[in-house]
Amino acid sequence: MLEPKDALNLCREWQEYWAAHNEEKLTRFAKSAGDEIERLRAALTEVSKGEGAFSRDPLTHASNTVDSMKQIALDALAK
């Protein structure tokens, strides 16, 4: 059975090995996450303006909301 300090060292060695051999994957993931954050920020900014598709007119807003929800669902299913 491993001593706790030996188990901790083994975990650290494995973490270093994994990071060294997966650097490209980690870089792609970080870029992808950054891109997604920017898309979300842009979408929230557009919604917060209350214009266009996000008009405050009740009928326009309701119609546009349904259309947007349909498109979001289709985009999510396509991924």
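Start by selecting Glu38: with a relative accessibility of 45%, this residue counts as partly exposed. Here buried means under 20% relative accessible area, exposed over 50%, and partly exposed in between (1.4 Å probe, protein chains only). Before going further, note that this is a predicted model, where local features need pLDDT of at least 70 and side-chain atom pairs count only at pLDDT 80 or more, while totals for chains, interfaces and linings use all residues. Residues are numbered from 1 along each chain as its sequence is written, and side-chain values use heavy atoms, with hydrogens and water left out.

Glu38 forms a salt bridge with Arg41, and their closest N and O atoms are 2.8 Å apart. The term salt bridge stands for a side-chain nitrogen of Lys or Arg within 4 Å of a carboxyl oxygen of Asp or Glu. Both Glu38 and Arg41 lie in helix α2, 3 residues apart, which is about one turn of the helix. Helices (H or I, at least four residues) and strands (E, at least two) are DSSP runs, numbered from the N terminus. Arg41 is partly exposed as well, at 47% relative accessibility.

Next, select Arg39 and Glu36. Their side chains meet in a salt bridge, N to O, at 2.5 Å. Arg39 and Glu36 are separated by about one helical turn, because they sit 3 residues apart in helix α2. Arg39 counts as partly exposed at 48% relative accessibility, and Glu36 also counts as partly exposed, at 32%.

Now move to Glu24 and Arg28, where the side chains meet in a salt bridge with an N to O distance of 3.0 Å. These two residues lie in helix α2 (residues 23-49), 4 residues apart, or about one turn of the helix. Glu24 is exposed, with a relative accessible area of 57%. How many salt bridges does the structure hold? The count is 4.

**Stop two: along α2**

Select Leu40, which is found in helix α2 and is partly exposed at 47% relative accessibility. Draw a distance from Leu40 to Ala30: 10 residues apart in sequence, they are 15 Å apart in space, C-alpha to C-alpha. For the helix as a whole, the 27 residues of α2 should span 39 Å at 1.5 Å a residue, and the end C-alpha atoms are 39 Å apart, which agrees. The expected span is 1.5 Å times one less than the number of residues in the helix. Just after α2, click on Gly50, which takes a positive phi of about 65°.

A search of the whole structure finds 1 aromatic pair. Select Trp14 and Tyr17 to see this pair: it is stacked, at 5.4 Å centre to centre with 25° between the planes. Rings of Phe, Tyr and Trp (its six-membered ring) pair if their centres lie within 6.5 Å; planes under 30 degrees apart count as stacked, over 60 as edge-to-face and the rest as tilted. Trp14 and Tyr17 both lie in helix α1 (residues 4-21), 3 residues apart, about one turn of the helix. Trp14 counts as exposed at 52% relative accessibility, whereas Tyr17 counts as partly exposed at 44%.

Now select all of α1. This helix is hardly covered, as the count of buried residues among its 18 residues is 0.

**Stop four: the largest pocket**

Finish with a surface view. About 270 Å³ of space lies in the largest pocket. Of the 13 residues that line the largest pocket, Ala43, Val47, Phe54, Ser68 and Ile72 are the closest to its centre. A pocket is an open set of points on a 1 Å grid over the protein atoms alone, where a 1.4 Å probe fits, with protein on both sides within 12 Å along at least five of seven lines; lining residues have an atom within 4 Å of a point. Grid points are joined across faces, edges and corners, and the volume is the space filled by probe spheres set on the points. Which element gives the most to the lining of the largest pocket? That is α3, with 7 residues.
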